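Here are my notes on the model, as numbered points.

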Amino acid sequence: MALLERAPAEEMPMTAPPRRRTRRNPVTWYRGGGLWNLLFLLPMIVVFAVFSWSPIVQSVVMSLQKTNLITSQWVGLDNYVKVLSDPLLGEAVLNTLWFAVLALIFGFPVPLLMAVLMSEVRRAKGFYSALAYLPVVIPPVVAVLLWKFFYSADPNGVFNTVLGWVGIPPQPWIQDAVQAMPSLVLEATWAGAGGSIIIYLAALLGVPPELYDAAEVDGAGVWRKIWHVTLPQLRGILFIMLILQIIATAQVFLEPFLFTGGGPAGATRTILLYIYDKAFRNSLGGAYGEATAVSVLLAIVLALLSWLYFKLTNRWSNS
């Protein structure tokens, strides 16, 4: 009995001995296969150096020169001073910001709303998903030329004919300085919404169904469930998509180039179109140094936005 009444002795916790950190030196690096790893990565490093890093370095150098791509003259920061004092650059920045604002107003909520509606569909969900993604499959140049035909200012144009059915007079569309930019945003929203819809549909699959059941028990309707359940659960992906859309709209070029060429009266001249005009619109030789200087400034802004994007994605992935 005495043996049964004795308390068991306390066991000492077993701790693993501390691992000794080995110093990295050329010998340990070689023995650990570092040389073979370097040889394996060497082709990729060469490709990146030739096709990615080398053009970046050359662009920075060219932005400090006055060049016609044959002869070059070092001018320092004069190209940056010229473009920053050019009123056309200010106009292009404002036009790009206006495009970004319109794209956020129309192009950002529309894919989310369509994804939410499609997630409630019980039948033929795959068919609707494919139908929504169809504009992404159409080549961008073909889509722009097709919409340019639709935007005909003639009373017998496609869109003007449709407006005539409801008693609205014909509109000038891309031939008017006020309507041109919203018309471009409408086509860009149609062309790019499919990819965003697929991303939102995938994100909606991760929303726990019990949250919607609890909202229904509390008497929440469709819109209250969207506001109090869906949007809070998608706040991470929504902010990431917002940053990606801002980065994309800052580089808009195809629509203003093919629709209007920057007109009418410069109302759709964006930053990339301004760079194109600087470099290639003069048949006797463009201002390549000034165009490259604007490109470097734009790259810095986009790099800051990309850094913010990676910081936020890294924070949300670790939370």
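1. Helices (H or I, at least four residues) and strands (E, at least two) are DSSP runs, numbered from the N terminus. Serine 196 lies in helix α10, and the protein as a whole has 16 helices and two strands. The model is predicted, so local features need pLDDT of at least 70 and side-chain atom pairs count only at pLDDT 80 or more, while totals for chains, interfaces and linings use all residues. Residues are numbered from 1 along each chain as its sequence is written, and side-chain values use heavy atoms, with hydrogens and water left out.

2. Burial and surface. Buried means under 20% relative accessible area, exposed over 50%, and partly exposed in between (1.4 Å probe, protein chains only). Of the 319 residues in the protein, 32% are buried. The accessible surface comes to about 21400 Å², and carbon and sulfur atoms account for 68% of that. These areas come from the Shrake-Rupley method with a 1.4 Å probe; for residues, only the protein chains shown count as cover.

3. Contacts. A contact means heavy atoms within 4.5 Å. Taking contacts between residues at least 6 apart in sequence, 63% join residues at least 24 apart.

4. The largest pocket. A pocket is found on a 1 Å grid over the protein atoms alone, as an open set of points where a 1.4 Å probe fits, with protein on both sides within 12 Å along at least five of seven lines; lining residues have an atom within 4 Å of a point. Grid points are joined across faces, edges and corners, and a volume is the space filled by probe spheres set on the points. On these terms the largest pocket holds about 630 Å³. Its lining has 28 residues, with Ala188, Ala191, Gly192, Ala193 and Ala248 nearest the centre. At least two lining residues come from each of α5 (87-107), α7 (125-137), α8 (140-150), α10, α13 (235-249) and α14 (254-259). Helix α10 gives the largest share, nine residues.

5. Lining classes. Ala, Val, Leu, Ile, Met, Phe, Trp, Tyr, Cys and Pro count as nonpolar, Asp, Glu, Lys and Arg as charged, and the others, Gly among them, as polar. The lining of the largest pocket then divides into 20 nonpolar, six polar and two charged residues.

6. The second largest pocket. Its volume is about 520 Å³. The lining has 19 residues, and Val116, Ser119, Glu120, Leu204 and Tyr212 lie nearest the centre. Two or more of the lining residues come from each of α6 (109-119), α10, α11 (209-217) and α12 (222-233). By class, the lining of the second largest pocket has twelve nonpolar, two polar and five charged residues.

7. Tyrosine 200 is found in α10 (residues 180-204) and counts as buried because its relative accessibility is 1%. The C-alpha atoms of tyrosine 200 and leucine 238 are 8.6 Å apart, against 38 residues in sequence. Serine 196 is also buried, at 16%, and touches Pro111 and Met241, with the same exclusion of residues up to four places away.

8. Serine 306. This residue sits in helix α16 (residues 288-318) and is partly exposed, at 26%. Serine 306 and leucine 244 are 62 residues apart in sequence and 8.3 Å apart in space, C-alpha to C-alpha.

9. Salt bridges around arginine 269. A salt bridge is a side-chain nitrogen of Lys or Arg within 4 Å of a carboxyl oxygen of Asp or Glu. The structure holds four. One joins glutamate 91 and arginine 269 at 2.8 Å, N to O. Glutamate 91 is in α5 and arginine 269 in the loop between α14 and α15 (271-280), 178 residues apart. Arginine 269 is buried at 18%, whereas glutamate 91 is partly exposed at 27%. Arginine 269 also meets aspartate 277 in a salt bridge of 3.7 Å, N to O; aspartate 277 is buried, at 19%.

10. Salt bridges around lysine 278. Lysine 278 pairs with glutamate 290, the closest N and O atoms being 2.8 Å apart. Lysine 278 is partly exposed, at 22%, and glutamate 290 is buried, at 12%. Salt bridges with shared partners join Asp86, Lys278 and Glu290 into one network.
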